[in-house]
Amino acid sequence: MISEIIKKGHLLIAEPSILGDLSFNRSVILLADHNAEGSVGFILNKPLDYSVNDLVPEVDATFTIYNGGPVEQDNLYFIHNIPELIPNSVEISNGVFWGGDFEKTRDLINNGSINKDNIRFFLGYTGWDANQLETEMSANSWILIENSYKNNILKKSSSDFWKEQIMELGGEYIIWSNAPENPMLN
C-alpha cells in the first residue's frame with residue numbers, strides 16, 4: 001500500500017526512472033530511521049559477493065553480505081527479527097530490529113541459534129540529510145510503501161524483490177517489470 005507519510009519501517013521502491021545510478025537503480029530500501037535530522041535505510045536487494053565469514057573470520061557462517069548503500073561502506077551493519085536473543089537492538093518497526101551486541105550475535109550464529117532468515121548483514125547504509133528524502137520523493141525518485149512483510153522481510157528474495165514490488169504496484173509500472181536493467185541493451 002502506497003503511503004504519503006515517511007516513517008521508519010516503510011519501504012522505498014526506486015522509481016523505474018532512476019537509471020544509471022549504481023547504488024539505487026532498482027533498489028528496495030528499508031527505512032531504519034526517519035526524523036527531523038534525516039533518514040537512514042538499508043538496500044535489501046543488492047547482494048555482494050561476500051559472506052559474513054569473509055569479512056569477520058570469527059563468524060562461522062556464510063550469510064550473504066548486502067550493499068546497504070553508499071555511506072560508510074567500510075562498516076558492517078545488521079538487522080534482525082530476534083530481539084529476545086540480541087541485547088541492545090533498536091526496533092525499526094513490525095518486529096524488525098537494527099544492530100545490538102555484536103559479540104553476543106557472533107556467538108549465537110556460531111552455535112547455530114541464528115540462521116539466515118533471522119538476520120541480514122550490510123556493508124554501508126543509505127542516508128539522507130534533513131528534508132533530502134522528501135525532496136527526492138517530490139521529484140518522483142521513490143515510491144513509499146508500507147512493509148506488509150513485517151519481520152518476514154528478511155526472508156524475501158534479493159534479486160527479484162524490486163520486480164515483485166513493481167508488479168504489485170500494477171498500472172503504469174507493469175511495463176517496467178520486464179524491461180532490462182539497462183534499456184540500451186533492449
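Me: Which backbone oxygen does the side chain of serine 89 reach, and at what distance?

Reply: Start with the rule: a polar contact is a pair of N or O atoms within 3.5 Å; within protein, one has to be able to donate a hydrogen and the other to accept it, and residues adjacent in sequence count only if both atoms are side-chain atoms. Here the serine 89 side chain gets to the backbone oxygen of isoleucine 86 at 3.2 Å. Keep in mind that this is a predicted model, where local features need pLDDT of at least 70, side-chain atom pairs count only at pLDDT 80 or more, and totals for chains, interfaces and linings use all residues. Residues are numbered from 1 along each chain as its sequence is written, and side-chain values use heavy atoms, with hydrogens and water left out.

Me: Where is serine 89 placed, and which residues does serine 89 touch?

Reply: Helices (H or I, at least four residues) and strands (E, at least two) are DSSP runs, numbered from the N terminus. Serine 89 sits in the loop between strand E6 (71-80) and strand E7 (90-93). As for touching, contact means heavy atoms within 4.5 Å. Skipping residues up to four places away in sequence, serine 89 touches His80, Pro83, Phe97, Trp98, Gly99 and Gly100.

Me: How many helices and strands are in the chain, and what percentage of the residues count as buried?

Reply: The chain has five helices and 10 strands. Buried means under 20% relative accessible area, exposed over 50%, and partly exposed in between (1.4 Å probe, protein chains only). By that rule, 47% of the 186 residues are buried.

Me: Which way do the residues of strand E10 point?

Reply: In a regular strand, side chains alternate between the two faces of the sheet. In E10 (residues 142-145), Trp142 and Leu144 point one way, Ile143 and Ile145 the other, and all are buried. Two strands pair if DSSP finds at least two bridges between them. E10 pairs with strand E1 (residues 11-14) in the antiparallel sense, over four bridges, and leucine 11 stands opposite isoleucine 145.

Me: Which residues have the most contacts inside the largest nonpolar core?

Reply: A nonpolar core is a set of buried Ala, Val, Leu, Ile, Met, Phe, Trp, Tyr and Cys residues joined through side-chain atoms within 4.5 Å. The largest has 35 residues, and Leu11, Leu12, Leu44, Ile79 and Trp142 have the most contacts inside it. Among the elements that each supply at least two residues of this core are E1, strand E3 (38-43), E6, helix H3 (132-138) and E10. Strand E2 gives the most, with five residues. Leaving out residues up to four places away in sequence, isoleucine 79 touches a list that includes Leu30, Phe42, Leu44, Ile92, Trp98, Phe122 and Leu154. A second, separate core of 15 residues includes Ala61, Phe63, Phe78 and Phe121.

Me: How many aromatic pairs does the ring rule give?

Reply: Rings of Phe, Tyr and Trp (its six-membered ring) pair if their centres lie within 6.5 Å; planes under 30 degrees apart count as stacked, over 60 as edge-to-face and the rest as tilted. That gives 10 aromatic pairs. Take tyrosine 77 and tyrosine 125: their ring centres are 5.6 Å apart and their planes at 85°, so the pair is edge-to-face. Tyrosine 77 is in strand E6 and tyrosine 125 in strand E9, 48 residues apart. Both are buried. For phenylalanine 78 and phenylalanine 102, the centres are 6.1 Å apart with planes at 55°, so this pair is tilted. Phenylalanine 78 is buried at 6% relative accessible area, whereas phenylalanine 102, at 24%, counts as partly exposed. One aromatic cluster is formed by Phe42, Tyr66, Tyr77, Trp98, Phe122 and Tyr125.

Me: Is asparagine 147 buried or exposed, and which backbone nitrogens lie by its side chain?

Reply: Asparagine 147 is buried, with a relative accessible area of 3%, in the loop between E10 and helix H4. A polar atom of its side chain lies 3.0 Å from the backbone nitrogen of tyrosine 149 and one lies 3.2 Å from that of lysine 150. Neighbours within four places in sequence aside, asparagine 147 is in contact with Gly9, His10, Leu11, Leu30, Asn94, Val96 and Ile153.
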